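User: I would like to learn how to read a few features of a protein model. Can we begin with how accessible a residue is, and go on from there?

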Amino acid sequence: MRQFFDEMYGAGGTVRPPYAMVAEWLGTQRLSDLKSKHDEAESLFRRTGITFSVYGEGGSAERLIPFDIVPRILSAAEWRRLSAGIEQRVRALNAFMFDIYHRQEILKAGRIPAELIIQNDAFVPEMIGVEPPLGIYSHIIGIDIVRTGEDEFFVLEDNTRTPSGVSYMIENRETMMHMFPDLFSRNRVAPVENYPLNLLRTLESVAPKGLGREPVIAVLTPGLYNSAYFEHAFLADEMGVELVEGRDLVVVDGALKMKTTQGLRQVDVVYRRIDDEFLDPLVFRRESMLGVAGIFDVYRSGRTTIVNAPGAGIADDKAIYSYIPEIIEFYTGRAPILKNVPTYNCRRADDLAYVLEHLAELVVKEVHGSGGYGMLVGPAASKDEVEAFRRKLTARPDNYIAQPTLALSTCPTLVDAGLAPRHLDLRPFVLVGDQVRLVPGGLTRVALRQGSLVVNSSQGGGTKDTWVLQD
């Protein structure tokens, strides 16, 4: 039977030090009381309106985000190691993006195949030569991390386009503090509620220079029916800035303006939560009704900053992921602090042959996929599902990467029968502007189904509050 590292009980079944007080507290609780607290948390989330959309063949459906009341805990030492590796990674990713859209030194050095960049759907040629403020392309990054042992952490994905989930991180903490104040009084837990302020400072730091006033910032949302609309509205409200849709913005005399009851007002920084292809119908998809005609030219002229920059998706493309260790070494001169998961790039003939032979043992993902969609978890798939995926892979090998099925760590989670181990990952959120700002912790996602390794909420996963203990 496969062994998994449990973050509370460790390899030998003894409670690990970071969990000592929580484990002791859990030992005093009745199952009925814990379930009552779970119901209370669900009620709080329902009143707050914390939902997400799940897309399927019949359209989309609104669901309450599943929340587990047992926290996931990291020691201060563990967090120091993770944060050092995360900061190294986001600096290298931004250096890579700047290089790709300018001198392309890493391609000239032969460290990455040029066609993997130039022919990539995530590469935006219109960004070549564009100088973003402070040279930063991706200002908000979500780094997905998994754990397989006491000292074994791996980066599973880099999210450099429009990462979501930070509102759930904040609401999870607020809910836990409301329900279990005694636990927080017994544990020195690092705060996360300052994220919106740090986000605001980051956005202000990349505003166009020479304004002579406070920059005007807006959050651009696709609208009410987007799966992450709650988060868009939450962050705009917390920062005290306007939440706008494309129809609320217009380009006039070379400047981006926002329609208000007092007339047009210039917008200096747009935190956009829409994809590149919908951003500007004059440059990208002509039929887009979500973006703003002319916004890209205003951006290129330096009169408005778009966060994250168009073209930032080249750094989180899963085909590029396998080269991230090379990228980190190339731009920092140091080996990666955090390891990648071993990855087979199916565009390579040898890798493809291996993947096809071991398909039932591997996790296969679309290079542009997200949210747990379009992937195969070989060990959990039926023979028919494996064979169907084999046909997809053979038809478009360049569209897929494959990875071994990792033994993701577990943490006790409240289920119908009581507390049981469930697999989880961690998404810390990094802000990159005049400095790198990293809130201690992040969003822990947990696979609520027994044996499942898929933590995405769209695939039945839930979330936990993430505690980083202070020294």
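User: Is Y344 buried, partly exposed or exposed?

Analyst: Buried means under 20% relative accessible area and exposed means over 50%. This is a predicted model, and in it Y344 has a relative accessible area of 24%, so Y344 is partly exposed. Y354, at 30%, is partly exposed too.

User: How are the rings of Y344 and Y354 placed, stacked or edge-to-face?

Analyst: Look at the angle between the planes: under 30 degrees counts as stacked, over 60 as edge-to-face. The planes of Y344 and Y354 are at 25 degrees, with the ring centres 4.7 Å apart, so this pair is stacked. Y344 belongs to strand β14 and Y354 to helix α13, 10 residues apart, and the pair links these distant parts of the chain.

User: How many aromatic pairs does the structure hold, and which way do the rings of F330 and Y331 face?

Analyst: There are 14 aromatic pairs. For F330 and Y331 the planes are at 80 degrees and the centres 4.9 Å apart, so the pair is edge-to-face. F330 is partly exposed at 27% relative accessibility, and Y331 is partly exposed at 22%. Elsewhere, ring pairs join F98, Y101, F123 and Y137 into a cluster.

User: What should I know about the nonpolar cores?

Analyst: In soluble globular proteins, nonpolar side chains tend to be buried together. Here the largest nonpolar core has 54 residues, and I69, M169, Y195 and L199 have the most contacts inside it. Helix α6 gives the largest share of this core, 6 residues. A second, separate core has 47 residues, among them F96, I100, A218 and V298.

User: Where does T221 lie, and is T221 buried or exposed?

Analyst: T221 lies in the loop between β6 and α9. Its relative accessibility is 1%, so T221 counts as buried. The side chain of T221 makes a polar contact with the side chain of H232 at 2.8 Å. A polar atom of the T221 side chain also lies 3.1 Å from the backbone nitrogen of G223. Leaving aside residues up to four places away in sequence, T221 touches Y229, H232, L243, V244, E245 and I274.

User: Where does pLDDT stay under 50?

Analyst: Where pLDDT is low, the predicted coordinates should not be read in detail. In this chain, pLDDT stays under 50 over residues 55-59, for which the model has 6 contacts beyond four places in sequence. The chain's mean pLDDT is 92, and 95% of its residues reach 70 or more.

Conventions. Residues are numbered from 1 along each chain as its sequence is written. Side-chain values use heavy atoms; hydrogens and water are left out. Helices (H or I, at least four residues) and strands (E, at least two) are DSSP runs, numbered from the N terminus. Buried means under 20% relative accessible area, exposed over 50%, partly exposed in between (1.4 Å probe, protein chains only). A polar contact is a pair of N or O atoms within 3.5 Å; within protein, one must be able to donate a hydrogen and the other to accept it, and residues adjacent in sequence count only if both atoms are side-chain atoms. Contact means heavy atoms within 4.5 Å. A nonpolar core is a set of buried Ala, Val, Leu, Ile, Met, Phe, Trp, Tyr and Cys residues joined through side-chain atoms within 4.5 Å. pLDDT is the predictor's confidence in each residue, from 0 to 100. Rings of Phe, Tyr and Trp (its six-membered ring) pair if their centres lie within 6.5 Å; planes under 30 degrees apart count as stacked, over 60 as edge-to-face and the rest as tilted.
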